[in-house]
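Trainee: I would like to understand the terms used for this structure. Could we go through them one at a time?

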Amino acid sequence: MCQFCHQHGEGKKWYLKAENYAEHLLSDFKRSKYIQHFFRDPQRLQDRMKLLDTLNRMPGFVQAVIKPAILGRMKRMHHGQVLPLEDVEKIFSFVNSVVRLPCICRQAALGTEERYCYGLSMVPAETSKLKLIVEAVGADYLTGPDVKGLETVPKKEALTQFKELEKKSLFHSVWTFMTPFIGGICNCDHDCMAMKATVKKSLPVMFRAEYVAGVEADLCNGCKNCFRACQFGAISFSLALEKVYVDPLLCYGCGVCRVHCRNNAITLTDRKMNSAAADIW
Ligand code: SF4
Ligand code: SF4
(Lines give C-alpha, C1' and ligand atoms only; values in the text may rest on other atoms or scores of the structure.)
(Ligands and ions follow the chains in the order given, each with its own letter.)
Protein backbone atom coordinates (compact mmCIF):
# COMPACT_ATOMS: atom_id res chain seq x y z
CA MET A 1 0.00 0.00 0.00
CA CYS A 2 1.26 3.47 -0.86
CA GLN A 3 1.38 6.27 1.70
CA PHE A 4 -1.91 7.72 0.40
CA CYS A 5 -3.71 4.43 1.08
CA HIS A 6 -2.47 4.60 4.65
CA GLN A 7 -3.33 8.30 5.04
CA HIS A 8 -6.59 8.56 3.11
CA GLY A 9 -7.85 5.05 2.45
CA GLU A 10 -7.86 3.46 5.90
CA GLY A 11 -5.40 0.85 4.64
CA LYS A 12 -7.32 0.16 1.43
CA LYS A 13 -6.78 1.73 -1.98
CA TRP A 14 -7.42 5.40 -1.21
CA TYR A 15 -8.85 6.17 -4.65
CA LEU A 16 -11.55 3.52 -4.14
CA LYS A 17 -12.91 5.32 -1.06
CA ALA A 18 -16.08 7.10 -2.22
CA GLU A 19 -15.72 9.77 0.48
CA ASN A 20 -12.66 11.16 -1.33
CA TYR A 21 -14.91 12.22 -4.23
CA ALA A 22 -17.60 13.82 -2.05
CA GLU A 23 -18.93 17.13 -3.38
CA HIS A 24 -19.21 18.61 0.11
CA LEU A 25 -15.40 18.86 0.04
CA LEU A 26 -15.88 21.57 -2.59
CA SER A 27 -17.51 23.79 0.01
CA ASP A 28 -13.96 24.54 1.13
CA PHE A 29 -13.38 27.99 -0.37
CA LYS A 30 -9.62 27.40 -0.71
CA ARG A 31 -10.24 24.21 -2.66
CA SER A 32 -12.62 25.76 -5.16
CA LYS A 33 -10.20 28.70 -5.62
CA TYR A 34 -7.36 26.26 -6.16
CA ILE A 35 -9.32 24.43 -8.88
CA GLN A 36 -10.17 27.72 -10.63
CA HIS A 37 -6.57 28.83 -10.46
CA PHE A 38 -5.36 25.46 -11.77
CA PHE A 39 -7.46 25.59 -14.94
CA ARG A 40 -7.16 29.30 -15.63
CA ASP A 41 -3.78 29.52 -17.30
CA PRO A 42 -2.26 26.55 -19.19
CA GLN A 43 0.89 28.55 -19.95
CA ARG A 44 1.68 28.54 -16.23
CA LEU A 45 2.39 24.79 -16.46
CA GLN A 46 4.96 25.35 -19.18
CA ASP A 47 6.58 28.05 -17.04
CA ARG A 48 6.80 25.57 -14.16
CA MET A 49 8.55 23.07 -16.40
CA LYS A 50 11.14 25.74 -17.23
CA LEU A 51 11.59 26.44 -13.51
CA LEU A 52 12.16 22.72 -12.96
CA ASP A 53 14.84 22.76 -15.67
CA THR A 54 16.49 25.66 -13.85
CA LEU A 55 16.25 23.77 -10.57
CA ASN A 56 17.81 20.68 -12.13
CA ARG A 57 20.83 22.78 -13.18
CA MET A 58 21.41 24.00 -9.61
CA PRO A 59 23.96 22.41 -7.25
CA GLY A 60 22.86 19.13 -5.69
CA PHE A 61 22.59 20.57 -2.17
CA VAL A 62 20.13 23.24 -3.39
CA GLN A 63 18.03 20.62 -5.16
CA ALA A 64 18.10 18.48 -2.02
CA VAL A 65 16.38 21.29 -0.11
CA ILE A 66 13.94 22.59 -2.73
CA LYS A 67 12.67 19.35 -4.34
CA PRO A 68 11.31 17.77 -1.14
CA ALA A 69 9.51 21.06 -0.37
CA ILE A 70 7.86 21.10 -3.83
CA LEU A 71 7.01 17.42 -3.54
CA GLY A 72 5.46 17.91 -0.10
CA ARG A 73 3.25 20.68 -1.49
CA MET A 74 2.24 18.55 -4.49
CA LYS A 75 1.23 15.69 -2.20
CA ARG A 76 -1.00 18.06 -0.25
CA MET A 77 -2.44 19.88 -3.25
CA HIS A 78 -2.38 18.09 -6.59
CA HIS A 79 -0.80 14.71 -6.90
CA GLY A 80 -1.67 11.77 -9.10
CA GLN A 81 -1.37 8.04 -9.07
CA VAL A 82 -1.29 5.63 -11.99
CA LEU A 83 -4.05 3.03 -12.01
CA PRO A 84 -5.08 0.22 -14.36
CA LEU A 85 -8.38 -0.01 -16.18
CA GLU A 86 -9.89 -2.49 -13.70
CA ASP A 87 -9.56 0.11 -10.93
CA VAL A 88 -11.04 2.81 -13.20
CA GLU A 89 -14.04 0.48 -13.59
CA LYS A 90 -14.33 0.18 -9.81
CA ILE A 91 -14.34 3.97 -9.45
CA PHE A 92 -16.99 4.27 -12.16
CA SER A 93 -19.16 1.82 -10.21
CA PHE A 94 -19.74 4.37 -7.43
CA VAL A 95 -19.40 7.86 -8.99
CA ASN A 96 -22.56 9.26 -10.55
CA SER A 97 -21.30 11.41 -13.38
CA VAL A 98 -18.35 11.66 -15.71
CA VAL A 99 -17.55 14.87 -17.59
CA ARG A 100 -14.96 14.91 -20.36
CA LEU A 101 -12.88 18.06 -20.76
CA PRO A 102 -9.81 19.21 -22.68
CA CYS A 103 -6.45 18.34 -21.14
CA ILE A 104 -4.65 21.38 -19.72
CA CYS A 105 -1.25 19.69 -20.29
CA ARG A 106 -1.84 19.21 -24.03
CA GLN A 107 -3.21 22.74 -24.23
CA ALA A 108 0.01 24.02 -22.67
CA ALA A 109 2.41 21.72 -24.54
CA LEU A 110 0.77 21.47 -27.97
CA GLY A 111 -1.83 24.26 -28.05
CA THR A 112 -4.46 21.71 -29.11
CA GLU A 113 -7.75 20.54 -27.68
CA GLU A 114 -7.11 16.91 -26.66
CA ARG A 115 -10.00 15.52 -24.63
CA TYR A 116 -8.12 13.12 -22.39
CA CYS A 117 -9.35 14.26 -18.97
CA TYR A 118 -12.51 13.18 -17.15
CA GLY A 119 -13.97 15.00 -14.14
CA LEU A 120 -15.79 12.75 -11.70
CA SER A 121 -18.67 13.59 -9.42
CA MET A 122 -20.81 11.80 -6.87
CA VAL A 123 -23.87 13.73 -8.10
CA PRO A 124 -25.40 14.02 -11.61
CA ALA A 125 -23.38 16.36 -13.85
CA GLU A 126 -26.18 18.99 -14.00
CA THR A 127 -25.82 19.61 -10.27
CA SER A 128 -22.08 18.98 -9.95
CA LYS A 129 -20.28 21.80 -8.13
CA LEU A 130 -17.01 20.65 -9.71
CA LYS A 131 -18.43 21.17 -13.19
CA LEU A 132 -19.76 24.60 -12.18
CA ILE A 133 -16.40 25.64 -10.76
CA VAL A 134 -14.55 24.63 -13.95
CA GLU A 135 -17.16 26.32 -16.16
CA ALA A 136 -16.77 29.52 -14.16
CA VAL A 137 -13.05 29.69 -14.98
CA GLY A 138 -13.99 31.15 -18.36
CA ALA A 139 -10.82 29.98 -20.16
CA ASP A 140 -11.39 29.73 -23.92
CA TYR A 141 -9.86 26.29 -24.25
CA LEU A 142 -12.41 24.87 -21.77
CA THR A 143 -15.71 26.39 -22.74
CA GLY A 144 -14.95 28.80 -25.58
CA PRO A 145 -17.09 28.93 -28.72
CA ASP A 146 -14.75 26.81 -30.86
CA VAL A 147 -14.31 23.88 -28.47
CA LYS A 148 -16.63 21.08 -27.43
CA GLY A 149 -16.86 22.37 -23.85
CA LEU A 150 -17.53 20.10 -20.91
CA GLU A 151 -19.26 16.96 -22.18
CA THR A 152 -21.23 14.69 -19.90
CA VAL A 153 -20.35 11.15 -20.98
CA PRO A 154 -22.27 7.99 -19.94
CA LYS A 155 -19.97 5.83 -17.84
CA LYS A 156 -20.10 2.92 -20.27
CA GLU A 157 -19.08 5.18 -23.13
CA ALA A 158 -16.31 6.73 -21.05
CA LEU A 159 -14.91 3.25 -20.34
CA THR A 160 -14.96 2.47 -24.05
CA GLN A 161 -13.02 5.70 -24.67
CA PHE A 162 -10.48 4.71 -21.99
CA LYS A 163 -9.97 1.36 -23.71
CA GLU A 164 -9.42 3.10 -27.04
CA LEU A 165 -6.86 5.41 -25.43
CA GLU A 166 -4.99 2.39 -24.03
CA LYS A 167 -4.69 1.10 -27.58
CA LYS A 168 -2.88 4.39 -28.34
CA SER A 169 -0.59 3.58 -25.37
CA LEU A 170 -2.05 6.21 -23.04
CA PHE A 171 -2.26 5.18 -19.37
CA HIS A 172 -4.69 6.29 -16.67
CA SER A 173 -3.96 8.40 -13.59
CA VAL A 174 -6.22 9.66 -10.81
CA TRP A 175 -5.76 13.23 -9.48
CA THR A 176 -6.44 15.25 -6.35
CA PHE A 177 -7.38 18.90 -5.94
CA MET A 178 -6.23 19.52 -2.38
CA THR A 179 -5.76 15.97 -1.16
CA PRO A 180 -7.77 13.87 -0.37
CA PHE A 181 -10.44 15.25 -2.73
CA ILE A 182 -10.22 13.43 -6.06
CA GLY A 183 -11.48 15.43 -9.03
CA GLY A 184 -10.84 13.20 -12.00
CA ILE A 185 -8.94 10.68 -14.06
CA CYS A 186 -6.57 11.64 -16.87
CA ASN A 187 -5.10 9.68 -19.74
CA CYS A 188 -1.41 10.41 -19.98
CA ASP A 189 1.64 10.08 -22.18
CA HIS A 190 4.83 12.06 -22.71
CA ASP A 191 2.91 15.32 -23.31
CA CYS A 192 1.60 15.14 -19.74
CA MET A 193 3.38 17.67 -17.50
CA ALA A 194 3.21 15.34 -14.50
CA MET A 195 4.82 12.58 -16.54
CA LYS A 196 7.58 14.97 -17.60
CA ALA A 197 8.17 16.16 -14.03
CA THR A 198 8.14 12.59 -12.69
CA VAL A 199 10.14 10.71 -15.29
CA LYS A 200 12.35 13.32 -16.96
CA LYS A 201 12.84 15.93 -14.25
CA SER A 202 13.18 13.75 -11.14
CA LEU A 203 10.23 15.25 -9.28
CA PRO A 204 7.75 12.42 -8.69
CA VAL A 205 4.37 14.16 -8.60
CA MET A 206 2.66 11.12 -10.12
CA PHE A 207 3.03 7.94 -8.12
CA ARG A 208 3.15 4.32 -9.24
CA ALA A 209 0.15 2.05 -9.33
CA GLU A 210 -0.51 -0.54 -6.65
CA TYR A 211 0.56 -3.13 -9.21
CA VAL A 212 3.53 -4.28 -11.21
CA ALA A 213 3.61 -6.12 -14.53
CA GLY A 214 5.25 -9.45 -15.28
CA VAL A 215 5.75 -11.48 -18.47
CA GLU A 216 5.02 -15.20 -18.75
CA ALA A 217 8.11 -16.18 -20.76
CA ASP A 218 6.53 -19.32 -22.24
CA LEU A 219 3.77 -17.21 -23.83
CA CYS A 220 6.04 -14.45 -25.17
CA ASN A 221 7.00 -14.63 -28.86
CA GLY A 222 9.23 -11.55 -28.72
CA CYS A 223 7.07 -9.39 -30.99
CA LYS A 224 7.97 -6.25 -28.92
CA ASN A 225 4.47 -4.73 -29.15
CA CYS A 226 4.49 -4.22 -25.38
CA PHE A 227 8.00 -2.76 -25.50
CA ARG A 228 6.79 -0.07 -27.93
CA ALA A 229 3.67 0.67 -25.86
CA CYS A 230 5.34 1.15 -22.47
CA GLN A 231 5.64 4.88 -21.69
CA PHE A 232 8.05 4.27 -18.83
CA GLY A 233 10.82 2.32 -20.55
CA ALA A 234 10.20 -0.55 -18.14
CA ILE A 235 10.33 -3.32 -20.78
CA SER A 236 13.55 -4.66 -22.23
CA PHE A 237 14.18 -7.18 -24.98
CA SER A 238 16.59 -10.06 -24.54
CA LEU A 239 18.39 -10.77 -27.82
CA ALA A 240 19.59 -14.10 -26.44
CA LEU A 241 16.14 -15.31 -25.42
CA GLU A 242 14.15 -13.34 -28.03
CA LYS A 243 11.66 -12.42 -25.33
CA VAL A 244 10.90 -9.34 -23.27
CA TYR A 245 11.09 -8.84 -19.54
CA VAL A 246 9.78 -6.13 -17.22
CA ASP A 247 12.06 -4.28 -14.84
CA PRO A 248 9.98 -4.05 -11.64
CA LEU A 249 12.05 -1.07 -10.50
CA LEU A 250 10.87 0.94 -13.53
CA CYS A 251 7.34 -0.42 -13.96
CA TYR A 252 4.51 1.98 -13.01
CA GLY A 253 1.88 -0.77 -13.11
CA CYS A 254 -0.37 0.96 -15.64
CA GLY A 255 -1.27 -2.26 -17.47
CA VAL A 256 -1.12 -0.71 -20.93
CA CYS A 257 1.40 -3.32 -22.14
CA ARG A 258 -1.25 -6.04 -21.59
CA VAL A 259 -3.53 -4.51 -24.20
CA HIS A 260 -0.78 -4.70 -26.80
CA CYS A 261 0.05 -8.36 -26.18
CA ARG A 262 -1.89 -10.70 -28.44
CA ASN A 263 -0.60 -13.73 -26.51
CA ASN A 264 -1.92 -12.66 -23.08
CA ALA A 265 1.63 -13.05 -21.80
CA ILE A 266 1.48 -10.06 -19.42
CA THR A 267 -0.28 -9.86 -16.07
CA LEU A 268 -0.42 -7.29 -13.30
CA THR A 269 0.19 -8.43 -9.75
CA ASP A 270 -0.03 -6.70 -6.42
CA ARG A 271 3.02 -4.47 -5.98
CA LYS A 272 3.42 -5.38 -2.33
CA MET A 273 3.88 -9.05 -3.31
CA ASN A 274 6.87 -8.13 -5.50
CA SER A 275 9.92 -7.96 -3.24
CA ALA A 276 11.88 -5.76 -5.67
CA ALA A 277 9.10 -3.20 -6.21
CA ALA A 278 7.06 -3.34 -2.99
CA ASP A 279 8.44 -0.13 -1.54
CA ILE A 280 8.95 1.84 -4.75
CA TRP A 281 6.34 4.50 -5.46
S1 SF4 B 1 3.54 -8.16 -26.66
FE2 SF4 B 1 3.41 -10.15 -25.60
S3 SF4 B 1 4.28 -11.62 -27.02
FE4 SF4 B 1 4.91 -9.59 -27.78
S5 SF4 B 1 6.90 -9.24 -26.78
FE6 SF4 B 1 5.36 -8.37 -25.39
S7 SF4 B 1 4.91 -10.03 -23.94
FE8 SF4 B 1 5.95 -10.96 -25.70
S1 SF4 C 1 5.69 -2.47 -18.09
FE2 SF4 C 1 4.72 -1.48 -16.37
S3 SF4 C 1 4.85 0.70 -16.85
FE4 SF4 C 1 5.27 -0.39 -18.77
S5 SF4 C 1 3.27 -0.50 -19.78
FE6 SF4 C 1 3.50 -2.39 -18.60
S7 SF4 C 1 2.54 -1.96 -16.62
FE8 SF4 C 1 2.87 0.03 -17.64
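Mentor: The talk below takes up the ligand, the domains and the sheet in turn. This is a predicted model, in which local features need pLDDT of at least 70 and side-chain atom pairs count only at pLDDT 80 or more, while totals for chains, interfaces and linings use all residues. Residues are numbered from 1 along each chain as its sequence is written, and chains are lettered from A and ligands numbered from 1 in the order in which they are written.

Trainee: Which residues are the closest around ligand 1?

Mentor: A residue is near a molecule if its C-beta atom, placed from the backbone, lies within 6 Å of it; 14 residues surround ligand 1, and the closest are Cys-220, Cys-223, Cys-226, Cys-261 and Ala-265.

Trainee: What are the domains of the protein chain?

Mentor: The bounds come from an automatic or database domain assignment, which gives domain 1 (3–207) and domain 2 (211–273). Their C-alpha centres lie 26 Å apart, and the contact, counted where C-beta atoms placed from the backbone lie within 7 Å, takes 11 residues from domain 1 and 11 residues from domain 2.

Trainee: Why are strand E4 and strand E7 called edge strands?

Mentor: Strands here are DSSP runs of at least two residues, numbered from the N terminus, and two strands pair if DSSP finds at least two bridges between them. The 7 strands form an open sheet in the order E4-E2-E3-E6-E5-E1-E7, and strand E4 (151–152) and strand E7 (206–207) each pair on one side only.

Trainee: What makes E2 and E4 a pair?

Mentor: 2 bridges join strand E2 (residues 97–101) to E4, and the definition asks for at least two, so they count as paired; the two run antiparallel, with Val-99 opposite Thr-152 in E4.

Note on methods. Contact = placed C-beta atoms within 7 Å. Helix = DSSP H or I, 4+ residues; strand = E, 2+ residues; numbered from the N terminus.
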